[in-house]
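Subject: Structure handover

Hello,

Here is the structure I promised to pass on.

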Amino acid sequence: LHHQAKTWRASETPSTHAMDTMEEGGPEGGFAHEESILSSLGGEVTSIVAPVSACMALTVLLVRALYLGRQDLSTAPTSIATAVYHESSSDDVGTKVTGALLNALVFVLAITVMTFMMFLLFKYNCTKCLYGYMAFSSFTLLFFVGGYFIQTILEMSRLPFDAISFVFLLFNFAVVGTVAMWTEWTPFVLKQAYLVIVAVVIAVLFTRIPAWTTWFLLIALVVYDLCAVLLPGGPLKALVELAMERNEAIPALVYESRLTKGFRDDPRQATQADAPREGGEGGELLGRGPTHSASTSTASPVEIAADRGEEGEEVDRAEAPESEPLIGQGYQASDGVAPGLAEEEEMGLPDSIKLGLGDFIFYSVLVGQASLFDMTTVYVCYLAIMAGLGATLILLAIFQKALPALPISITLGVVFYFCTRYFLDPTVTPISVSLLYV
C-alpha cells in the first residue's frame, strides 16, 4: 500500500523554501510540500478579485457612457427601491433623507420576504419552481434589459443595424447565457463570464436609482447582510444550513472561482494527475480540489464552508450548496501528513470560493455612483472595496465559517467616497489645476 500526500508549491527563494516530507508505506513513497499561509493566498485572492474588478470596470464604463451628464436620472422607472419616494431636485434635505430611508427599508424588507419564501420552497422540495423562476428571470434580464443597453450603445455610436438581425442575435445571446448559467455541462468559463455580464447589467440598471436612496440602500444592506448571515435564524444562515444538511445545491446566482493547486506545480506528481483516486485501504490523494456547483440567487452576502474528508476513507467530492454567501471546499489532512501541513490546511483558504452575485452588483453600484462624480472618487472607492474584500477573505481563512462579504467593503467604500468627494477632491483638484505640489 502507498500513501499519496497533498502537494504544495515550494517557493524558489531559500528563505521561503518548503520542507519536503516523505511517507514510506510500501514500494512507492509520496511527497508533501509544506508552504506558508501567506505565500499560498495569492491564487485564492486573485481568483475572486479579478472578476469583481472586471465587473466594476465594465459598470463604470457603461455608466459613464450612458448616464454621465444626464439630468433625468431622478425620473427612473418605479421599482422596489423607489416604491415609496421619488426623489426630486426641488425637495429639501429632510424630505430626501426621510424618503430615502423609507425606500431602503422597503427594499430590505422585500429581500427578506423573498429569501424566506425561497427557504420555504427549498425546505418543501419545490426546487423546480425555484430553478424555473431563476432561469426565466435570467433570460428576461439578458434579452430585455441587456438588449436595451446594447441598442442604446449602438444608437449612441451611430452604428447601423437592422431589427431582424439584432433580435436574432440578442435572442441567441440570452438563450446561451441562460443555458450556461443553469446547466452543468456547459464550459465553466462561459458560465463565469455570463454571471459577470448579469451582474453588470443589474448594476447599471440600479445606478439609475437616485443618489440619496442609493446610499441609504447600501447602508441598509450592510445591516441586513450581517443579520441574515451571522444571526441565529437569519434567512440566509437557515437556507445554507438546510442545504448543507441535505447536501443539495440551492438555486442561486453564485460566482465560483476554482483553483488547481497541487499537481500543477510539482512535476513529480504531474504524471499521476489523471490516475484514479484510491480510497479505503489503498490510500487517498489529499488535495484541495474544486467542486462543481449549480448557480443562482439574488442575494448579497458571501458564504464559505469547507467539506472535509475523513481519515482512511475516500474523499467525497459531492456538490456544495449554493447560496448568497461565500463557499469554499477543502480537505482535512490525514495522520500521514506532517503536523505543520495539517495546521496550514486549517488556516488556508479553500480552492473553490463562491461569492454571491449580489456582492458583485452592489460593489459595482457603489463605484457606478462614484463615476457620476469623477474618476478620482472611483479609484478611491475601488481600492476601499478591494481592501474590504481582502479583509473578508483573511477572516474567512481564520474562522473557516460563513461570512457576509458586503459589510467591510461597502462600509469602507461609502466612508471613502464621502471623504474623497467632500475633503480630498476640493483640496487636491485646485492644487493640481494650479500646478502646485506639496
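Lys237 is partly exposed, with a relative accessible area of 25%. This is a predicted model, so read each value here as computed from it. Lys237 forms a salt bridge with Glu241. The closest N and O atoms of the two are 3.4 Å apart. That passes, because the cut-off for a salt bridge is 4 Å. Both partners sit in helix H7, which spans residues 235-246. They are four residues apart there, so about one helical turn separates them. Glu241 is partly exposed too, at 44% relative accessibility. How many salt bridges does the structure hold? The count is one.

Next, the aromatics. The structure holds 15 aromatic pairs. Take Phe139 and Phe143 from that set. Their ring centres are 5.7 Å apart and their planes meet at 10°, so the pair is stacked. Planes under 30 degrees apart count as stacked. Where do the two lie? Both are in helix H3, residues 127-157. Phe139 is partly exposed at 21% relative accessibility. Phe143, at 16%, counts as buried.

Phe143 has another partner in Phe144. This aromatic pair is edge-to-face, with 5.0 Å from centre to centre and 85° between the planes. Phe144 counts as exposed, at 53% relative accessibility. Phe139, Phe143, Phe144 and Phe171 together form one aromatic cluster.

Now the surface. Which residues make the nonpolar patch of about 570 Å²? They are Ile80, Val84, Leu101, Leu102, Leu105, Val106 and Met114. Val106 lies in helix H2, residues 93-123. Val106 is partly exposed, with a relative accessible area of 31%. Patch members need over 30%, so Val106 qualifies on that count.

On to the cysteines. A search of the whole structure finds zero disulfides. Cys126 is therefore in none, and its nearest cysteine sulfur, that of Cys129, is 5.2 Å away. Cys126 is partly exposed, with a relative accessible area of 28%. Cys227 is also partly exposed, at 35%.

Last, a glutamine. Is Gln369 buried or exposed? Gln369 is buried, with a relative accessible area of 7%. Gln369 is found in helix H10, residues 357-371. Leaving aside residues up to four places away in sequence, Gln369 touches Thr207, Ile209, Ala211, Thr214 and Trp215.

Best regards

Definitions and conventions
Residues are numbered from 1 along each chain as its sequence is written. This is a predicted model: local features need pLDDT of at least 70, side-chain atom pairs count only at pLDDT 80 or more; totals for chains, interfaces and linings use all residues. Side-chain values use heavy atoms; hydrogens and water are left out. Patches are made of residues with over 30% relative accessible area and no salt bridge: like charges are joined within 9 Å, nonpolar side chains (Val, Leu, Ile, Met, Phe, Trp, Tyr) within 5 Å. Accessible areas come from the Shrake-Rupley method with a 1.4 Å probe; for residues, only the protein chains shown count as cover. A salt bridge is a side-chain nitrogen of Lys or Arg within 4 Å of a carboxyl oxygen of Asp or Glu. Buried means under 20% relative accessible area, exposed over 50%, partly exposed in between (1.4 Å probe, protein chains only). A disulfide is a pair of cysteine sulfur atoms within 2.5 Å. Contact means heavy atoms within 4.5 Å. Rings of Phe, Tyr and Trp (its six-membered ring) pair if their centres lie within 6.5 Å; planes under 30 degrees apart count as stacked, over 60 as edge-to-face and the rest as tilted.
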